[in-house]
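Have the structure open as you read.

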Amino acid sequence: MSSQVELAVKGIITEEMKAVAKAEGVPEEFVRDMTAQGKIVIPNSTTRKSRIVGIGKGLRTKVNASIGTSTDIADISLEIKKARMAQECGADTLMELSVGGDIRKVRREVLDSVELPVGTVPLYQAFAKAIEKYGTPVDMPEEMLFDIIEEQCADGVSFMAIHCGINRLTIERLRKQGYRYGGLVSKGGAYMVAWMVHNNKENPLFEHFGRVADILKKYDCVLSLGNGFRAGAIHDSSDRCQIQELVINCELAGEGRKMGCQMMVEGPGHIPIDEIEANVLLEKRMSNEAPFYVLGPITTDVAPGYDHITAAIGASLSSAYGADFICYVTPSEHLALPDVEDVKEGVMAARIAAYVGDMIKYKNRERDREMSLARRGLDWERQFKLAITGDKPKSIRASRMPSEENSCTMCGEFCATKIVTKYFEEDINAGEKRDLL
Ligand code: SF4
């Protein structure tokens, strides 16, 4: 079975490409061409039908929600509730990142409970299995990594974050650079580095990259090159080892694409807002515009409890500068395993960020113009319809209805909109015809 890239290169427009074109309002030939060049990916699986979502150039910025058990809280029913909440709130994809309990069982039940494309980090299961079997992750046999990648593909996973870009060079950069405030914050990255140092061996996922790409290509699964050395502290942002891994990942994106595998590159992490543009530019330039998947990024270290907001700030700028896919962050980041409400807050914040970024990326402000008109016209039903935030606006208004008809309890009888409408009606109507773009 051929992958989307292989078919696109042959000039074939697949059903998946047609579905992406329809959903995004772009020509089918554009989606085929961009897929052939590796600038669009379509998370897919030969063993599971899921919603078709395109990620990349010319498409709406997509949002991922991550769920999964920990070693402390391993409750399958909770993870299913979180998965369903993410889907209900409008996430485009879901990552199932369990490390506790029966990891395969959680994955299979989550795959059955949603229609979203599901991603994973197979290193988590591999190292968890090694700990269970050998008592330590560093004794994991290399073959276990490849077996688990294949097992997860066969289960119906549509994209995988795999840490192929960690190699001896990235570790050398880390050593030469010295102190890092946040150390390594990627679980998969940290375990892989420990395995390499303990065994004095190259990363098998880098050394045998062709095997990894071959497995994913067989199932048409997207290979997302993991960001194991991403900064976990603002003072480590864009440092040498993070950029070293990015260079390697961009090279691998090109190699994988030539092999017919759908490829994506992952980005930071914790970075201040004045470094976001450079990170996006470097990834796009060095990978020939492979889709860029950013994890937040979180833009300050000092707002625990509100990291869905620090990340939404970073995500909106990333999207505006050209990032294609953002991973949500929840209010419980750095504090605890997210609960169902955290998932909801995280998805909504990330969706708003993606929307704000796309307004700049695609110079499209029509929906905002319509909302302004609905506000000036005090047309509440129209405002609710245009909102990207679900039922929340309606329920807030309903909970505190005004005595003055058509205003709201914010200003009540001092409603400025009502007064202006009464005395400047003509000017307001003229505004409807003004082309602000
Ligand atoms: S009462 Fe105030 S906030 Fe509410 S619609 Fe009127 S001007 Fe806007």
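How close do the axes of α6 and α9 come, and at what angle do they cross? Bear in mind as you go that this is a predicted model.

1. On the helix pair: the axes of α6 and α9 come within 9 Å, with a crossing angle of roughly 50°. Angles from 65 to 115 degrees would count as roughly perpendicular and those under 35 as roughly parallel, so these two helices are oblique to each other. As for the hand, α6 passes α9 in a left-handed crossing.

2. Now the side chains at that crossing. From α6, the residues in contact are Leu-123, Tyr-124, Phe-127 and Ile-131. They meet Lys-187, Gly-188, Tyr-191, Met-192 and Trp-195 of α9.

3. Searching the whole structure for aromatic pairs turns up four. One of them is Phe-127 with Tyr-191: the ring centres are 5.3 Å apart and the planes sit at 25°, which is under the 30 degree cut-off, so the pair is stacked. The pair joins distant parts of the chain, since Phe-127 belongs to α6 (residues 122–134) and Tyr-191 to α9 (residues 187–199), 64 residues apart.

4. Are the two partners buried or exposed? Phe-127 is buried, because its relative accessibility is 3%. Tyr-191, at 34%, counts as partly exposed.

5. The rings of Tyr-179 and Tyr-181 also have their centres 5.3 Å apart, but here the planes are at 80°, so this pair is edge-to-face. Tyr-179 and Tyr-181 are both exposed.

6. Elsewhere, Phe-159, Tyr-293 and Phe-325 are linked into a cluster by ring pairs.

7. Arg-211 has its charged end over the ring of Phe-146, 4.0 Å from the ring centre. Arg-397 lies over the face of Trp-380, and there the distance to the ring centre is 3.7 Å.

8. Last, Asp-239. You'll find Asp-239 in the loop between β7 (222–225) and α12 (240–258). Its relative accessible area is 11%, so Asp-239 counts as buried. Leaving aside residues up to four places away in sequence, Asp-239 touches Gln-177 and Arg-180. Arg-173 is 66 residues from Asp-239 in sequence, yet the C-alpha to C-alpha distance is 9.4 Å.

Definitions and conventions
Residues are numbered from 1 along each chain as its sequence is written. This is a predicted model: local features need pLDDT of at least 70, side-chain atom pairs count only at pLDDT 80 or more; totals for chains, interfaces and linings use all residues. Side-chain values use heavy atoms; hydrogens and water are left out. Rings of Phe, Tyr and Trp (its six-membered ring) pair if their centres lie within 6.5 Å; planes under 30 degrees apart count as stacked, over 60 as edge-to-face and the rest as tilted. Helices (H or I, at least four residues) and strands (E, at least two) are DSSP runs, numbered from the N terminus. Buried means under 20% relative accessible area, exposed over 50%, partly exposed in between (1.4 Å probe, protein chains only). A charge sits over a ring if NZ of Lys or CZ of Arg is within 6 Å of the ring centre and within 35 degrees of the ring normal. Axes are lines fitted to C-alpha atoms, for helices over the stretch in contact, and angles run from 0 to 180 degrees between N-to-C directions. Angles under 35 degrees count as roughly parallel, over 145 as roughly antiparallel, 65 to 115 as roughly perpendicular and the rest as oblique. A crossing is left-handed if the near helix is turned anticlockwise from the far one by less than a right angle, and right-handed if clockwise. Contact means heavy atoms within 4.5 Å.
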